[in-house]
Amino acid sequence: MNIKDIKKEFPIFDNKVHNNDLVYLDSANSSQKPKVVVDRIYDFYTKEFSNVGRSVHYLAVAATNLYENTRVLVQKYINAKDPNEIVFTKGATEAINLVANTFGQKYLKEGDEILITELEHHSNYVPWHYLRKSKGVKINFADVDENGDISIESIEKKITPKTKILAITHLSNVTGAILPIKEIIQLAHSKNIPVLVDGCQGAPHLKLDMQDLDCDFYAISCHKMYGPTGLGVLYAKKKWLEELPPYQGGGGMIGEVKKEGITFGDLPNKYEAGTMATAQVIAFGESINFINKLGIEKIEEHERGLTKYGEEILRKNNSVKLIGSPKNKGSVLSFTLDGVHPHDIATILDEDGVAIRAGHHCCQILHEKLGLAATARASLGVYNTKDDLDQLNSSINKCIKIFNS
Amino acid sequence: MDLKDLYQEIILDHGKNPRNLGKFENFNKDAKGHNPLCGDKVHVYLKVDENKKISDIKFEGHGCAISMASASIMTELMKDKDQKEVNELIEDFLKMIKDNPELKSNLISEDDKTKLMSLSGVKKYPMRVKCATLPWHTLISAMTNKPGEVNTEKED
């Protein structure tokens, strides 16, 4: 597979949008799916379907093996120590809720503090918010700087003796800032604070190594990684999964159930109650195979080049104001246009087949800090090309023409 | 689809230079509206006199060209209308945006109808209908003293 012809692997690009070729620049929201992933779902349901982990018949055993195979693929992809450190969830949101809920239940008490940052997506703020009411904890925010970056110092400044957990994004979905999470984790660990990394934007674009990072929790969104919707991954160090209580109760997660009491299953079953998103998990294995075939380093290099190119052409466009110029920027180009609201930009771009997102991108705290109600955002995936960014720029010029005529 | 239907000159004009933008001192009714999906916000202020007539109306807010133009045109048309007329115009507008091809009310002039019909372009853009209707739902809320904020995601 060659990265230059990669669009061919994605059937969505065979379709026209308003009679134009699709220029998909909304991958930070959700990525498109390669044919191998779509086919895998069809094949599983038509040839191999059964529930996993319960029955002993042929199909059940085969399906269970396929399901567990993806767990190992994920483990290797992120270099976790043990496949049992991989828990499937219904999304990254559920992965963070799982940690907030169980960690909060077991370790937090009134007056304790949770440290997050002003860059966080709502899914790495709202789950912690519930603990304000239920536990009386306080949430602190590390300051974002004028470049849309979070420095190690800004984290250090907000750590107090009461800080019990740090929850932080790997890559901002608005400014594109790639945070120095390894150093941040080292700092937090030096003060005995565990760290959850929201890896929704990190995992699809950056090479991951859980053992090297030494993070305690890492949340992944599968649909942003060329995989199916309805699926996420929580990586957690084994000691946490052993120590923390189960998140949801139901079938599949138990040891022994008696009228007097219940014991819970071993890892990772303890955290996978009920019938899981089996077809999605199996198809997600193909997403990882797809990424591995190209090589995440190659994808990173390709996207880095495109991000730089996009920044260059948009900076040359005098009407465009780019949002965020962090030291280390990944595949997100947020911008505003003089005199044109982001929603109008998105509608006008759509007419040309250019799909972007407009709004607060689930980051109202950050937008308030930036003094903006909304921004427009073009975000990149492996299938994007320089032509896509040229089309973006020319459609932006069309907006300016419509609004300034 | 044609962008020219959506971004007609009237819309661009009202979007860029909204009429009745701001707040006045002696308002006696007001309501806020919010579209949490896009962050558009509008705050409608009214002075309703003893005859239940809107003697003054202004709005504050920020949002896209469609929502700003809609609020601007709405405030122009509502001045000096009484409660019954206000209700009739709101109903007529919301029905036009949803189903009806034309406005039916005879309360406003043909010129004003043309102005209001310039917002009908959103019909082809389902995601943008809420931009056009937010100020109108907020006006209903202000007129009826409904507590709380109008939220586009909590409508029927």
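Helix α9 of chain A is mostly covered, with 13 of its 17 residues buried. The structure described here is a predicted model.

The buried set includes the charged residue E94(A), and among its other members are I96(A), L98(A), V99(A) and F103(A). The cover over the buried residues of α3(A) includes one helix, α4 (126-135), together with strands β4, β7, β8, β9 (217-221) and β10 (232-236) of chain A.

The strands that cover α3(A), including β7 and β8, also take part in a sheet. Seven strands of chain A form this open sheet, in the order β4-β10-β9-β8-β7-β5-β6, and their pairing is mixed. Strands β4 (86-89) and β6 (138-142) of chain A stand at the edges; each has a single partner strand, so one side of each is left without a neighbour in the sheet. Direction ignored, neighbouring strands of the sheet are turned by 20° against each other on average. Within the sheet, β7 (residues 163-169) and β8 (residues 195-198) of chain A pair in the parallel sense over four bridges. In this pair A167(A) stands opposite L196(A) of β8(A).

At the level of domains, the assignment for chain A gives domain 1 (3-30 + 295-404) and domain 2 (38-293). The C-alpha centres of the two domains of chain A lie 28 Å apart. Their contact takes 27 residues from domain 1 of chain A and 27 residues from domain 2 of chain A. On the side of domain 1 of chain A that touches domain 2, at least two residues each are supplied by α10 (296-316), β14 (332-337), α12 (364-370) and β17 (375-379) of chain A. Of these, α10(A) gives the most to this side, with five residues.

The contact between the chains takes 16 residues from chain B and 15 residues from chain A. On the side of chain B that touches chain A, α1 (3-6) and α2 (9-16) of chain B each supply at least two residues. This side of chain B divides into eleven nonpolar, three polar and two charged residues.

Strand pairing was also examined in chain B. Strands β1 (residues 29-35) and β2 (residues 40-48) of chain B pair in the antiparallel sense over seven bridges, and K29(B) has L46(B) of β2(B) as its bridge partner. The two strands form a hairpin with four residues between them, and G39(B) in the turn has a positive phi of about 90°. Strand β1(B) also pairs with β4 (residues 150-151) of chain B, here in the parallel sense and over two bridges. In that pairing G33(B) stands opposite V150(B) of β4(B).

Technical notes:
Residues are numbered from 1 along each chain as its sequence is written. Chains are lettered from A and ligands numbered from 1 in the order in which they are written. This is a predicted model: local features need pLDDT of at least 70, side-chain atom pairs count only at pLDDT 80 or more; totals for chains, interfaces and linings use all residues. Domain bounds come from an automatic or database domain assignment. Two residues are in contact if their C-beta atoms, placed from the backbone, lie within 7 Å. A residue is buried if 20 or more other C-beta atoms lie within 10 Å of its own, exposed if 12 or fewer, and partly exposed in between; C-beta atoms are placed from the backbone. Two strands pair if DSSP finds at least two bridges between them. Axes are lines fitted to C-alpha atoms, for helices over the stretch in contact, and angles run from 0 to 180 degrees between N-to-C directions.
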